[in-house]
Amino acid sequence: PQLANQIAAGEVVERPASVVKELVENSLDAGATKIEIDIEKGGSKLIRIRDNGSGIAKEELTLALSRHATSKVHSLDDLEAILSFGFRGEALASVSSVSRLTLTSRTEKQSEAWQAFAEGSQMAVKIVPAAHPQGSTIEVADIFFNTPARRRFLKSDKTEFTHIDEWLKRIALARTEIQFVLSHNGKVVRKYRAANTEIQLQQRIAQVCGKSFAEQALTVACEHDGLSLSGYIQSPNDPVQTDTHYFYVNGRLVRDRLVNHAVKQAFNEFGYQLTPNFVLKLDLDPHQVDVNVHPAKHEVRFHQARYIHDYILQALQSVLAQITQ
Ligand code: ADP
Ligand code: MG
């Protein structure tokens, strides 16, 4: 099983940013509203994620670290209609197989917290009492310490940290109601406060996409036929190009040519040559879309691609029509 874990780790754990992704998604799945991410040396020394989510019960700590142990999939239909981020049940097992992992957690019911420690091949987990408020802290130290070839593939601390920062931007835009704090070597680098008002939302968008975009972007809000498209597109009057292209499908950031094409076409039809920046969220019946289950890819396949394309196109056309009048 250890070898299997390490092979799986190759798929899940490419670099520190992929560990941050898996752990933060777990925190979100656990209902956390505050998530702290502390990074040391680009994540090669330490990645620590602290959340105020549901926590993991003492008797489930060992299970959480074992392969294919997930608390999230209960039927095949769940799998098909997956909305929750995590469902493979191998992230923690994979991460612990290539690092020294400490998991400290307390559920609402427990009066004290418990801590489990797993190190590389020493999957025998020791559980000791600990001090911790409700929620979980997961520390991943010395990533790839036992797979030196992979450790050598890590880039500079700065580059690895940038990957983490960029990934967090995407999630910060998708989950505006969550507070995220990102630190590097003991210094707070980003603080995204929970955004519950229009002004706070604009602040968060300014933090990620720049002030000019946040102040001038056109609002997209279109709901029809079980489909919803919402978000912002750059105003044609805003000259600042920042290469901000975020497209979320059911809360998941995806790369899709369809949306790029629809956005460009809408702008071209109104005589604008720029490829605008955008932050757009499409929500639809999960049965209408296949999400590639490969953890590192961000691809989707719409069952009715043409229809979705035209839906986006028309939504943007009507937004542009309003300002051109
Ligand atoms: P998956 O997320 O695919 O279920 P993981 O290996 O990422 O698999 O996590 C295993 C299990 O550990 C989860 O199903 C969940 O029950 C538990 N878990 C992991 N992280 C947290 C967390 N931050 N808070 C609460 N439970 C967690
Ligand atoms: Mg997970």
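## Confidence of the model

The protein chain averages a pLDDT of 88, and 87% of the residues score at least 70; pLDDT is the predictor's confidence in each residue, on a scale from 0 to 100. Over residues 80-87 the pLDDT falls below 50, yet this stretch has 23 contacts in the model beyond near neighbours in sequence. Two residues are in contact if their C-beta atoms, placed from the backbone, lie within 7 Å. The model scores ipTM 0.99 and pTM 0.89.

This is a predicted model, in which local features need pLDDT of at least 70 and side-chain atom pairs count only at pLDDT 80 or more, while totals for chains, interfaces and linings use all residues. Residues are numbered from 1 along each chain as its sequence is written, and chains are lettered from A and ligands numbered from 1 in the order in which they are written.

## Helix H8

Helices (H or I, at least four residues) and strands (E, at least two) are DSSP runs, numbered from the N terminus. After H8 comes Gly210, whose phi is positive, near 95°.

Arg204, Ile205, Val208 and Cys209 are buried in H8. Seen down the axis of H8, the buried residues fall within an arc of 110°, so they line one face of the helix; the arc is that of the directions from the helix axis to the C-beta atoms. A residue is buried if 20 or more other C-beta atoms lie within 10 Å of its own, exposed if 12 or fewer, and partly exposed in between, with C-beta atoms placed from the backbone. The cover over the buried residues of H8 includes helix H7 (157-174), strand S8 (187-192), helix H9 (211-216), strand S10 (227-233) and strand S13 (278-283).

S13, one of the elements covering H8, is itself mostly covered, with five of its six residues buried. Two strands pair if DSSP finds at least two bridges between them. S10 and S13 run antiparallel and are joined by six bridges; Gly231 has Leu280 in S13 as its bridge partner. Strand S11 (residues 245-249) runs parallel to S13, and five bridges join them. Here the bridge partner of Val249 is Leu282 in S13.

The side chains of strand S7 (residues 179-184) alternate along its length.

Strand S1 (residues 34-40) pairs with S7 in the parallel sense over six bridges, and Glu36 has Val181 in S7 as its bridge partner. S7 and S8 run antiparallel, joined by five bridges; the partner of His184 in S8 is Lys187. These two strands, S7 and S8, form a hairpin with two residues between them, and Asn185 in the turn has a positive phi of about 50°.

## Two loop residues with positive phi

Lys41 lies in the loop between S1 and strand S2 (46-51). Although Lys41 is not a glycine, its phi is positive, at about 50°. Lys41 is partly exposed, with 15 other C-beta atoms within 10 Å.

Phe144 lies in the loop between strand S6 (135-141) and helix H6 (148-152). Phe144, also a residue other than glycine, has a positive phi near 65°. Phe144 counts as buried because 20 C-beta neighbours are inside 10 Å.
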